[in-house]
Amino acid sequence: MAPGTPIKNLDSLKENRLFINGEFVPSVSGKTFDITNPTTEEVISSVHEAGVEDVDLAVEAAKAAFPAWAALSAEERCDYLFKLADEIEKHEELFMHLEATAMGMPRSGTQFVLGMVKRYLRYFASHAIDVIGETSLNTSGYLNLSIRQPYGVCGGIIPWNAPLFMVVTKIGPALAAGNTMVLKSSEKSPLSSIVFGLLSQKVGLPNGVLNILSGFGRPCGQAIAKHMDIRRISFTGSVATGRAIQKASAESNLKDVSLELGGKSPLLVFDDAPLEKAIRSAAFSILYNSGQVCMASTRIYVQEGIAPKFAEALKQEMTQLGVPGDPTLADTKKGPQVDKLQFDRVLSYLDHAKSQGFDIALGGNKAADKGYFVDATIVRNVPETDKLVREEIFGPVLVINTFSKEEEVLKRANDTEFGLYSSVFTSDVSRAVRVAKALEAGAVGVNCTSPFMVVDLPMGGWKQSSAGGREFSKTCLDSWTQLKSVFISL
């Protein structure tokens, strides 16, 4: 795409190839795969599928580009990131349309994401100069210092549920720190990543610095994880795939691995909670992006005295927010699941709830004759050992259980292998701090809940929700560099 060429809408987006070494090229095999609109169940695009040979070409380009890119000053590198943020701002309508048609996120949700995308990209651009080491004069006759240097060629593998946001969380800190990257988008929603490649061309990002491949976990993602010339890989997605990436790294070159994985986030509501705020927050958290958010508050524990009132009010709030509609329309609040596979998965959990005779207080079925829509669903009084409480559903399905005492609910909230996000609603400041410290999660909201997060604090999970690093903040920027100690004899 020539500099200055406008990208107006989906009709003008004819590009469907792989972005390697600054150019769009067909896959070596020539294979393509279809993208289906989850609202209409119709094929909307066909995209080239990257294989092992394409990964090799992308890595070769990134390796050749690395020395010159790393040699630039932080300000020179990050000028490109500022320009990319500006271009995203110019093409917000296109991104909203792509994410609505490719994976079903309503425009309102994408507007929320776009605000974070621009803010986060500009944050990493403005803070790259803060990547510094330390000095020491504690050894007589020596000046000793540590320096931070980029890894070189890095890999990024992103999920389908927030495509543009995930592109930025990987490439923002990686490129700012001086690395080059090979990024694999999800086969479910690759279109936003392709447009990001077009914008990279438009701002003149040097060839090979960023390479974007559309493809499947096997062979494309596996080839990235095994590649001997990739020194660091960052992955966001399922626990099972995270384990496979760690294994592939261990069996190849022991590349540094950063994983952001699943969640089963608890939300605790005490009897002194700001009730209206808790209800609004709980409904938004589970219905945002149709529940397809790793940090969504999927388990709610309500103190017994307020449980009936809370449950009824939440039911009304979710009924209002959970009306399915065309995600390309401005007033739609809830879209479909991303594809038939995810649709069937969510429905299987609802079938399980029915077969067990659980109290389905709201929803429990598919929500439309056409499209992959699922009801906003509340299931009450589910045993803690049941899979509705234990497993990540990734749909608009909420479990409400009650509790009597603080010690009891903390034990139940923490009884999980996930530890991504937790929340507590209470008016007691001492309790809020005490509970926040006791919850086993990488992020805790007090009188707020997911998807709230901020760019200047690290984001990641405990237990099997995360491994090897954090997203956002200076902590994240530092994780995209390697430390080196230098000893200077005077």
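**Figure 1. Asn 447 and its side-chain contact with a backbone nitrogen.** The side chain of Asn 447 reaches the backbone nitrogen of Thr 426 at 3.0 Å. The model shown here and in the other views is predicted. Asn 447 sits in the loop between β19 (443-446) and β20 (462-463). Its relative accessible area is 18%. Asn 447 therefore counts as buried, since the cut-off for that class is under 20%. Leaving aside neighbours within four places in sequence, Asn 447 is in contact with Pro 274, Lys 277, Val 424, Phe 425 and Thr 426.

**Figure 2. Glu 260, the annotated active site.** UniProt, in an unreviewed entry, places the feature "active site" at Glu 260. This residue belongs to strand β11 (residues 256-260). Is Glu 260 buried or exposed? Glu 260 is buried, because its relative accessible area is 8% and burial means a value under 20%.

**Figure 3. Strand β16 and two parallel partners.** Strand β16 covers residues 397-403. Six of its seven residues are buried, so β16 is mostly covered. Strand β13 (residues 297-303) runs parallel to β16, and five bridges join the two. Here Arg 299 stands opposite Val 399 in β16. Strand β15 (residues 377-380) also runs parallel to β16, joined by four bridges. Which residue of β16 is the bridge partner of Ile 378? The partner is Leu 398.

**Figure 4. An open sheet of three strands.** The strand order is β5-β6-β22, and the pairing is antiparallel. β5 (135-136) and β22 (481-489) stand at the edges. Each has a single partner strand, so one side of each is left without a neighbour in the sheet. Strands of a sheet pair through backbone hydrogen bonds, either parallel or antiparallel. Two bridges link β5 to strand β6 (residues 142-150) in the antiparallel sense. Ser 136 stands opposite Asn 144 in β6.

**Figure 5. Lys 188 and its polar contact.** Lys 188 lies in the loop between β8 (180-185) and α6. A polar contact of 2.4 Å joins its side chain to that of Asp 339. What does Lys 188 touch, not counting residues up to four places away in sequence? Lys 188 touches Ile 35, Ala 102, Trp 160, Val 338, Asp 339 and Leu 341.

**Figure 6. Asn 207 in a loop.** Asn 207 lies in the loop between α6 (191-202) and β9 (210-214). Its relative accessible area is 46%, so Asn 207 is partly exposed. That class falls between under 20% and over 50%. Asn 207 and Glu 23 are 184 residues apart in sequence. In space, the two are 7.8 Å apart, C-alpha to C-alpha. Asn 207 touches Asn 21, Gly 22 and Ala 65, not counting residues up to four places away in sequence.

Key
Residues numbered from 1 in each chain as written. Predicted model: local features only at pLDDT ≥ 70, side-chain atom pairs only at ≥ 80, totals over all residues. Heavy atoms only, no water. Buried < 20%, exposed > 50% of the residue type's maximum accessible area, 1.4 Å probe, protein only. Pairing = 2+ DSSP bridges. UniProt positions renumbered as here; feature names shortened; annotations may be inferred. Contact = heavy atoms within 4.5 Å. Polar contact = N/O pair within 3.5 Å; in protein donor to acceptor, adjacent residues only side chain to side chain.
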